[in-house]
Amino acid sequence: MQDTTGVPGEAITGPLSQTRPWMKFLAVMGLISCGLVLLDGFFMLLGTSLVPNARGVPGAPPGVIALMVLFYLAGSFFFYLVPSILLMRAARSLNGIEKQCDLDKIAAVAERQHKFWRYCGMLMIVAISFALFLMIIAAVAIPFTARLLH
């Protein structure tokens with residue numbers, strides 16, 4: 001709530017300041033996850049480059065594995081790095097909110113959190129749409145491929 005002087009009270013600043021450590025924790029975990037995905041992508045590329053391409057053995061054409069790994073790494077950028085950065089910025093905007101707080105600071109916090117949640121919502125819509133698209137492609141491609149192989 002707000003007192004008559006226009007300064008936000010403890011009822012607002014207390015819960016906001018208590019979310020800051022969790023926001024930082026989740027942002028750091030997201031950055032660590034992004035690093036692990038990048039390391040995983042490196043090892044996937046390394047592993048596929050060490051496996052010789054045997055003649056007569058069906059498999060992915062050259063470059064397809066690298067393209068898949070690059071797609072995987074791009075996904076880590078959108079799913080881990082960007083949300084982590086947005087969440088870290090929102091956590092930073094909570095610095096000192098209990099000591100020196102006014103409505104402008106709370107508005108800045110709300111705007112940063114709005115950007116984070118808007119991004120996560122759009123990302124979820126894109127991810128679900130892409131998954132549905134891949135399911136449709138698979139539903140069409142699997143019977144077609146099965147006919148070609150027989």
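Tutor: In this predicted model, the elements run α-α-α from the N terminus on. The protein holds three helices and zero strands.

Student: How many of the residues of the protein count as buried?

Tutor: Of its 150 residues, 20% count as buried. As for contacts between residues at least 6 apart in sequence, 78% of them join residues at least 24 apart.

Student: What makes α2 and α3 roughly antiparallel to each other?

Tutor: Helix α2 covers residues 64–92 and helix α3 residues 103–149, and the two pack at an angle of about 160 degrees. The term roughly antiparallel is given to angles over 145 degrees. The angle of about 160 degrees is over that limit, and α2 and α3 are therefore described as roughly antiparallel.

Student: Which other values describe this packing?

Tutor: The axes of α2 and α3 are 8 Å apart, and the crossing of the two helices is left-handed.

Student: Which residues of α2 and α3 meet?

Tutor: From α2, the residues are Phe 71, Phe 78, Phe 79, Val 82, Pro 83, Leu 86, Leu 87, Arg 89 and Ala 90. From α3, they are Arg 112, Gln 113, Lys 115, Phe 116, Tyr 119, Leu 123, Ala 127 and Phe 130. The residues of this contact divide into 13 nonpolar, one polar and three charged.

Student: Phe 79 is among the residues of α2 in that contact. Why is Phe 79 called partly exposed?

Tutor: Phe 79 has a relative accessible area of 44%. Buried requires a value under 20% and exposed a value over 50%. Because 44% lies between these limits, Phe 79 is partly exposed. Apart from residues up to four places away in sequence, Phe 79 touches Leu 123 and Ala 127. Phe 79 and Met 124 are 45 residues apart in sequence, with a C-alpha to C-alpha distance of 9.4 Å.

Student: What makes Ala 74 partly exposed?

Tutor: Ala 74, which lies in helix α2, has 33% relative accessibility. This value also falls between 20% and 50%, so Ala 74 counts as partly exposed. Ala 74 and Leu 38 are 36 residues apart along the chain, and their C-alpha atoms are separated by 9.5 Å.

Student: Is Ser 84 buried or exposed?

Tutor: Ser 84, a residue of helix α2, has 4% relative accessibility. The limit for buried is under 20%, so Ser 84 counts as buried. Not counting residues up to four places away in sequence, Ser 84 touches Ala 27, Gly 30 and Leu 31.

Student: What lies 2.6 Å from a polar atom of the side chain of Ser 84?

Tutor: The backbone oxygen of Tyr 80 lies at that distance.

Student: How do you know that Ser 17 is buried?

Tutor: Ser 17 is placed in helix α1, residues 10–50, and has a relative accessible area of 17%. That value is under 20%, so Ser 17 is buried. Its side chain has a polar atom 2.9 Å from the backbone oxygen of Gly 14. With neighbours within four places in sequence left aside, Ser 17 is in contact with Ile 97 and Glu 98.

Notes
Residues numbered from 1 in each chain as written. Predicted model: local features only at pLDDT ≥ 70, side-chain atom pairs only at ≥ 80, totals over all residues. Heavy atoms only, no water. Axes fitted to C-alpha atoms, helices over the stretch in contact; angles between N-to-C directions. Helix = DSSP H or I, 4+ residues; strand = E, 2+ residues; numbered from the N terminus. Parallel < 35°, antiparallel > 145°, perpendicular 65-115°, else oblique. Left-handed = near helix turned anticlockwise from the far one by under 90°. Contact = heavy atoms within 4.5 Å. Nonpolar A, V, L, I, M, F, W, Y, C, P; charged D, E, K, R; others polar. Buried < 20%, exposed > 50% of the residue type's maximum accessible area, 1.4 Å probe, protein only. Polar contact = N/O pair within 3.5 Å; in protein donor to acceptor, adjacent residues only side chain to side chain.
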